[in-house]
Amino acid sequence: MVQGRWRTAGSALVRVVVVWAVSTLTMLALAGLLPDFRLQSGDGDSITRTAITAVWGAGAFGLLTGLVWPVVVRALLLVPALVLGLLVFFLNGSLLLIALWLIPDDRGTANPETAVVVAAVMSAVASATSTALAVRDDNAYRRRLYRLAHRRGRGSASPEGRSGPPGTLFLQLDGVGHEVLRSAAESGVMPTVAGWTGVTHRLTAWRTDWSSQTGASQLGILHGSNHDVPAFRWYEKDSRRIMVSNRPASAVELQRRAIEHTGDGGLLTLDGASRGNLFSGGADQLALVLSMAARRGRANRSRAGYFAYFSDPANAVRTAVSFVAEVGREIGQSTRARLRGDTPRVGRGGLYPFIRAFATVVERDVVVAAVIGDMLAGRRAVYADLVAYDEVAHHSGPHSADAQAVLERLDRSIALLAKVAEHAPRTYRIVLLSDHGQSPGETFEGAYGLTLKDLVRAGCGLPVPRRAERSKSGAEARDAARDALRTALHRQPAPSGEEERPASGSDPIVLASGNLALISFPDVPYRMSREEIGRRHPALLTTLANHPGIGFLLVRSEEHGSVVLGADGAEVPVDALKDDDGPLAGFGPGAAEAVRRTDSFPHAADIMVNSMHDPRTGVVHAFEEQIGSHGGLGGEQSQAFLLSPSELSPPTRPGVELIGAEQVHQVLRRWLREGDGPQVPIGPARLSRPTQVCRSESETEEEIPIEGGATPDK
């Protein structure tokens with residue numbers, strides 16, 4: 001505590017010195033520009049002497065402003081606001097004249113009207129400088145939000161004045177795996193989390209589904225079902241469209257399906273708030289919720305989060321300065337990584353520094369401010385997502401120094417929210433959780449010189465870029481395709497006496513979701529079988545299954561139902577899969593059940609491809625430009641966490657593992673019931689509720705079709 005007080009005092013002293021220096025420079029500049037404002041004696045002074053005079057004058061003006069203004073304002077409280085506004089300029093000018101009079105040897109003089117101008121400019125510059133210096137001061141930020149809450153009539157309560165059931169804040173740290181959180185707490189990177197773990201909170205690991213990504217996990221956590229979400233991106237043959245979890249039109253459709261599947265509106269249906277999420281959870285209070293972003297008009301309350309936050313100029317300055325600093329930080333970090341020759345490494349140029357700054361600064365600030373407002377308003381349940389770590393870990397690596405620095409800043413946000421909770425009108429139980437982890441590793445293209453799409457096309461005998469054709473994998477796939485085609489053309493002739501050529505069909509659609517990829521043949525209206533794929537592209541499945549960068553394939557079989565294919569001809573029916581044997585050996589516990597569940601989805605792809613995984617190092621190969629990835633099986637990406645207050649019941653019974661986002665949803669619902677919080681409605685009677693997440697009560701609007709590619713990250 002003593003160390004914290006010294007740090008606070010030191011920060012305050014630095015701010016005073018900097019504001020004083022800037023005010024001095026401003027006074028010197030104005031003395032050079034304004035003819036009736038002088039900082040020299042009649043005979044003239046040296047530059048050094050003039051600078052000392054400016055230091056004296058700026059200090060005297062600042063001191064008088066700090067001492068006199070509070071007294072003057074209190075004395076003039078009964079003066080009409082318009083008159084007081086006019087008096088401000090004259091009083092400021094008078095204080096400047098007094099400050100100049102205090103300068104020794106009559107070196108500072110100014111006409112009264114010039115003094116008013118100089119005082120106004122210096123006050124504005126000093127105020128802007130002080131605000132800019134306070135952008136990283138969470139205490140100043142919290143005090144400003146308190147004042148804003150009081151002005152809105154919300155106020156805060158003392159602990160003795162609290163009443164009613166406790167509220168619950170679910171704070172999702174996107175992409176932070178169980179092992180990453182534990183390590184960050186033990187190493188001191190996250191001191192707030194370290195102080196909670198094992199003392200006031202219990203840390204529990206939970207295992208994700210095969211699709212270890214935010215779309216599937218958060219849909220299951222907030223709405224109780226992620227059925228038929230096979231990946232982050234997938235092609236649906238019945239509607240002939242590509243679903244992408246971070247497209248607004250896809251998000252609203254996924255939320256609609258989940259509500260229809262479960263029969264209830266979500267985790268946050270009563271007095272709930274959803275902040276920075278893909279889905280609403282049935283909440284009435286929304287900010288930056290993607291499933292609401294496909295709507296026009298005032299009914300789109302999600303965008304209101306930006307306007308509410310940036311309507312405060314101090315917030316705008318804080319975030320703008322931090323945004324610019326983050327862009328510079330990313331450019332510096334990527335440059336150093338390139339000069340050091342760090343591997344693996346992906347491109348971090350173009351717009352990425354700005355995308356990262358948006359995720360780590362703008363989204364964080366807006367969401368944290370919204371959550372603070374929710375707690376001061378006394379809402380019963382709040383679910384918020386902070387995506388900063390996930391974004392940085394994708395491009396810098398989940399265990400990199402860059403990612404650790406983001407965790408440190410997230411810990412400060414957690415501490416800020418915990419401090420605010422002490423002043424809320426009800427007690428708050430803060431639950432930290434994640435939706436998945438991340439696994440490190442070089443990209444598939446970086447390791448083998450071609451993308452998975454190139455490999456698929458080569459295995460189908462289709463044209464590929466020259467660079468991919470020259471790679472070892474590309475050449476082998478092309479040769480295998482030629483040999484297989486030659487064999488097919490020399491088969492036994494068909495009854496008509498003509499040779500039967502394998503059908504070519506349309507080009508396959510290859511969609512990457514981290515180290516999971518889905519291959520679909522859009523001209524076939526149903527899920528193709530292994531036998532049909534073999535007749536059309538005889539070399540494709542063998543090429544993929546035997547590639548060193550691929551762990552296993554899932555395909556439907558006419559003979560065995562569905563099978564998992566591995567290297568060297570390994571083939572296991574889905575019903576006979578085991579975690580510790582066959583193609584799934586090394587992918588961790590629960591892999592077989594996760595694959596079986598995904599195989600049952602109506603929109604499972606013709607070929608599901610999971611990259612290799614090295615159990616010793618935890619390395620996987622992402623099929624997109626990420627050196628920290630998630631979306632499939634293998635490594636830390638499948639191990640998320642729950643950090644819950646000890647006063648809540650344990651997530652599971654001793655020795656029972658928490659598996660899947662849908663089970664996490666049930667745990668969170670139980671915790672809300674324990675606190676007499678929002679009760680999630682169950683049964684057909686609530687089916688009318690879900691339509692409100694897409695429509696307002698007074699108007700009907702169409703979804704906006706979202707065209708073009710999806711962003712690679714959140």
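Predicted model: local features only at pLDDT ≥ 70, side-chain atom pairs only at ≥ 80, totals over all residues.
Residues are numbered from 1 along each chain as its sequence is written, and side-chain values use heavy atoms, with hydrogens and water left out.

The axes of helix 8 (residues 214-223) and helix 22 (residues 661-674) come within 7 Å and cross at roughly 30°. Helices (H or I, at least four residues) and strands (E, at least two) are DSSP runs numbered from the N terminus; axes are lines fitted to C-alpha atoms, for helices over the stretch in contact, and angles run from 0 to 180 degrees between N-to-C directions. The crossing is right-handed, meaning that the near helix is turned clockwise from the far one by less than a right angle. On the helix 8 side, the contact (heavy atoms within 4.5 Å) takes in Ala216, Ser217, Gly220, Ile221, Leu222 and His223, and these meet Ala661, Glu662, Val664, His665 and Leu668 in helix 22. By class, this contact has six nonpolar, four polar and one charged residues; here Ala, Val, Leu, Ile, Met, Phe, Trp, Tyr, Cys and Pro count as nonpolar, Asp, Glu, Lys and Arg as charged, and the others, Gly among them, as polar.

Strand 4 (residues 201-207) pairs with strand 22 in the parallel sense over two bridges, and Trp206 has Leu658 of strand 22 as its bridge partner.

A second open sheet has six strands in the order 12-13-17-14-15-16, and its pairing is antiparallel. Its edges are strand 12 (509-513) and strand 16 (571-573), each with a single partner strand, so one side of each is left without a neighbour in the sheet. From one strand to the next, the twist averages 20°. Strand 15 (residues 561-565) runs antiparallel to strand 16 and is joined to it by three bridges, with Val563 opposite Pro573. Helix 16 (residues 452-459) packs on this sheet, touching strand 12, strand 13 (516-520) and strand 14 (550-557), and its direction makes about 150° with that of strand 12. Helix 21 (residues 591-599) lies across strand 14, strand 15 and strand 17 (607-611), at about 40° to strand 14.

Another helix pair brings helix 13 (residues 388-396) and helix 14 (residues 401-421) together, with axes that come within 9 Å and cross at roughly 175°. That makes helix 13 roughly antiparallel to helix 14. Ala388, Tyr389, Val392 and Ser396 of helix 13 make the contact with Asp402, Ala403, Val406, Leu407 and Leu410 of helix 14. Seven of the residues in this contact are nonpolar, one is polar and one is charged.

As for charged pairs, the structure holds 31 salt bridges (a side-chain nitrogen of Lys or Arg within 4 Å of a carboxyl oxygen of Asp or Glu). One of them joins Arg233 to Glu624, with the closest N and O atoms 3.4 Å apart. Arg233 lies in strand 5 (residues 233-236) and Glu624 in the loop between strand 19 (619-620) and strand 20 (628-629), so the pair ties together parts that are 391 residues apart in sequence. Arg233 also has Val244 in strand 6 as its bridge partner; strand 5 and strand 6 (residues 241-244) run antiparallel and are joined by four bridges.

Most residues other than glycine have a negative phi, and most peptide bonds are trans. In the hairpin of strand 5 and strand 6, Arg240 takes a positive phi near 55°. Asp271 also has a positive phi, near 55°, and lies in the loop between helix 9 (248-262) and strand 7. Thr343 and Pro344 are joined by a cis peptide bond with omega of about -5°, and Pro344 is in the loop between helix 11 (313-340) and helix 12.

How values were computed
Pairing = 2+ DSSP bridges. Parallel < 35°, antiparallel > 145°, perpendicular 65-115°, else oblique.
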